Amino acid sequence: MNAYVRGPQGKGPHADDATNVYDESTRNGSGINSTGGPNSPYRTGAPAYAAAEWTGVFPVAPATKHPALKGMTGRGGAQTRPEQYNRPDVVSKYAGHNVGLRLAPSLVGIDVDDYDDKTGGAALAALEARLGALPPTYSSTARGDGPSRIRLYQVPKDCGELAVSAGTDIDVIQHHHRYTVVWPSVHPKTGTVYRWHAPDGILLPEGTVPAPDAFAVLPSAWLEHLSKPQREHAPGAGLAVDEFIERCTEESDPGLSGRIRNHFSQTRSGSRHDTMLWALGEIARCAARGEVNAGKAFERLEEDWAEAMAGESRDTDREFAALLERAVADAPEPGSAAAVETVGTHLPEGFWSSRKTLEHIRRAAHARAVSADAVLYGVLARLASMLPGDLRVDTGMMSPASLNLNVGIVSASGAGKTASQGLAAELVPVPDQLAGPDAYMDNVPIGSGEGLAEAYMGDKRVVTGTNKDGSDRMEKTRTQVRHNALFYVDEGKTLITLMTKREGATLGAVFRTMWTGKTAGQQNGTKERTRRVDNYALGVVVGFQPSTALPVFEGTDEGTPQRFIWTVADDPTIPEDAPGEPGPLWDGPGWLTEILLQATGRDPWARTENLIGDQAQGCVRLADTIKRRLRAEHLARQKGEEKPPALDSHRPLMLVKLSALLALLDGRTDVTEDDWSTAAVLWGASCAVRDGLLNAARRDRERTRAERREDKVQEAVAVHQAKAEADSDTERVARRLWGVINRKDSMARSDLRRDLGRDKKHFTAALSLALARGWLDEEESARGTKIVQGTSQPTP
């Protein structure tokens, strides 16, 4: 067959046995009747595609990208034949319509968007640098000669479903997913006509279309990159959507659905499908635990989806419905033990298949039967700890940001936290430049704030003067001798105990400081006790049981929990049969030097006195679009226009760190929008783990309070002859106590008593009455018992 065909209508081979939806359409007048005039795309195009023996052609509403008829797209769509779509009555009825093309199973389209704020051209260049250049092929576009176009390639018919995205602003059009609008259609926004371009970029003559078998073959590296593993469904209850919504109407955490929605809205187009599936799945799991109202949350996500997908040439309503059904089917039974015991979430399937490095990490984890999530976070912490201590991220604001990272892994004892970190060490071996304890401290325990800084210290002989014979006088001094360390605490309770003990009082402050990369340590009276470190790289991994992680959140005001990225150590997707072990992520002892030399163009181990402020070289750079968003968000906070929740206060900086580490994991120091979106998925999973911990703790506190309240009621009945018989002074002081706590949220028992002044003598009886009536409650903390607000309040 010729590479392209121009000429009269011809007969083509039968494709899939599709229902002839045109019969009913032309018989009953359904669809939009557009006979057209001089510019009649369908009247002009249908005969040309029929002559070229195309299947899957259908009419698209005039000057839009929306199918004029149902049943044309998706997995169950019709693959129309020339004798169907080119029938005279069909061509006449839809003459003024645009032309849609549903690809056959043997074709895929690489759809690059590179206009306005879309950056598909840069993303394509980055992919070609990794996977090899795409071969020249026929392409379709209404945007001229730029990179924005759909390139069509041949693939094996049995290759299965591919990923729906190749990268930022690069969608993958397939037989089951989306379709393309082609010549001679009119673009609904630009008003220009779609045209076919030959492999050399030259416009094909009007009326000429390429033959279906004329396209280049997609290279194997690209096919492998786009191939996604078969999704393993979670062991959910399999409920229908309507039933699930009816059973999930409680909402103990009204802000939770908003935080999950915010995650989807920050995701670029390249991963919207997978991120929406993650968001719906997380809403379903939270709804099963009674934390969000399923119906309301699903409805808001549907609105977000419609806004994000506006103008897309695919059936987005059907796509959302399919995603929702999948998420609900995978959710646990509402109110079941499985739902209540779920502490957090796991990274979604699409996350792992988006990059070769992530697939490598997951395969290694599953080969050892440990959590892929926990191994990935361990890999990121190790990478952060091995970087040159002066490497920073240029955010475009203030000082460049440190890449130091703290990881909290939450699971029950014996769930594999230690094993996952052992595998992370095999995947990221110590490079030769850091070999030996004098250069790198690996898996250092944490003892105190001074101990954190001490890991970078050592003895060094320095010149302090001149001897009588003229030789240099040498003295041993304590100073910073290394710049890289990884800290590991297997049991987080140890860390919490150290932070709350008097001798460990400096640990929390130093811990928070070192996450930012600022100068840390302490200045004491003697040189031997002075510790001062800067230009250091730090990774911290702490294993927590759910109960031992909760005290960390008592330091929210100081910013301790915000400086952790949270994950879990279980993994329901570990297969029964172990895959082959892929080995380390990089070959050779000089892997890190090779990455950094290529990325920064300088010797990564030739340390400067202080790189901070030097933005000319050595910095990891964010895409300009990311910098603009960071600045806009920062200004909104500074002006008081936005006030994020306390636990989200460090979200921008955490995303900067994660996106930069993901870029470095791929051997780059230029952070793209795709890196940022991938980091946002990590952040969302972390928030889900964090929120799951807090909500589980809230439920435990409510049960404990209810039990304690019942005990107090009985005590109050016995001591004060029940609430109704309380004397006026006790009643008055109890109301006063409620007013104090209502203003101050919580107080220690002794401080509350001191606040009463001359009413102190009524304190014990009044507090017992307030506790019995539920006006106040008691809450245990690492610092003792606190009096907090109860679940009711005094009547006027």
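A contact here means heavy atoms within 4.5 Å. With that cut-off, residues 24 or more positions apart account for 77% of the contacts in the protein chain with a separation of 6 or more. What you have open is a predicted model, where local features need pLDDT of at least 70, side-chain atom pairs count only at pLDDT 80 or more, and totals for chains, interfaces and linings use all residues. Numbering starts from 1 along each chain as its sequence is written, and side-chain values use heavy atoms, with hydrogens and water left out.

**Whole chain**

Start with everything selected and colour by secondary structure. The protein chain has 27 helices and 26 strands; these are DSSP runs numbered from the N terminus, with helices being H or I of at least four residues and strands being E of at least two. Next, colour by burial: of the 796 residues, 53% are buried, where buried means under 20% relative accessible area, exposed over 50%, and partly exposed in between (1.4 Å probe, protein chains only). The accessible surface is about 34400 Å², and carbon and sulfur atoms own 48% of it (Shrake-Rupley method, 1.4 Å probe; for residues, only the protein chains shown count as cover).

**Stop 1: Asp113**

Select Asp113, in the loop between β4 (107-112) and α5 (120-131). As for charge, Lys and Arg count as positive, Asp and Glu as negative, while His and the chain ends are not counted. Show the contacts of Asp113 as well: leaving out residues up to four places away in sequence, they are Lys118, Thr119, Gly120, Gly121, Ser148 and Asp169.

**Stop 2: salt bridges**

Side chains of opposite charge can pair when their charged atoms come close. The whole structure holds 34 salt bridges. Here are some to click on.

- Glu454 and Arg478: their side chains meet at 2.0 Å, N to O. This pair links distant parts of the chain, with Glu454 in helix α17 (residues 449-454) and Arg478 in strand β16 (residues 472-480), 24 residues apart. Glu454 is partly exposed at 22% relative accessible area, and Arg478 is partly exposed at 28%.
- Arg732 and Asp729: this salt bridge is 3.6 Å, N to O. Both residues lie in helix α25 (residues 728-744), three residues apart, about one turn of the helix. Arg732 is partly exposed at 39%, as is Asp729 at 32%.
- Asp751 and Arg754: the closest N and O atoms are 2.7 Å apart. They sit about one helical turn from each other because they are three residues apart in helix α26 (residues 749-754). Asp751 is partly exposed at 34%, whereas Arg754 counts as exposed at 53%.

Then select Arg355, Asp666, Arg668, Asp674 and Asp675 together: salt bridges that share partners join them into one network.

**Stop 3: a negative patch**

Finish on the surface with Glu299, Glu302, Glu303 and Asp317, which gather in a patch of negative charge. Patches are made of residues with over 30% relative accessible area and no salt bridge; like charges are joined within 9 Å, nonpolar side chains (Val, Leu, Ile, Met, Phe, Trp, Tyr) within 5 Å. The place of a charge is taken as NZ of Lys, CZ of Arg, CG of Asp or CD of Glu. Which helix gives the largest share of the patch? Helix α10 (residues 294-308) does, with three residues. Zoom in on Glu302, located in helix α10; Glu302 counts as partly exposed because its relative accessibility is 40%.

Methods
A salt bridge is a side-chain nitrogen of Lys or Arg within 4 Å of a carboxyl oxygen of Asp or Glu.
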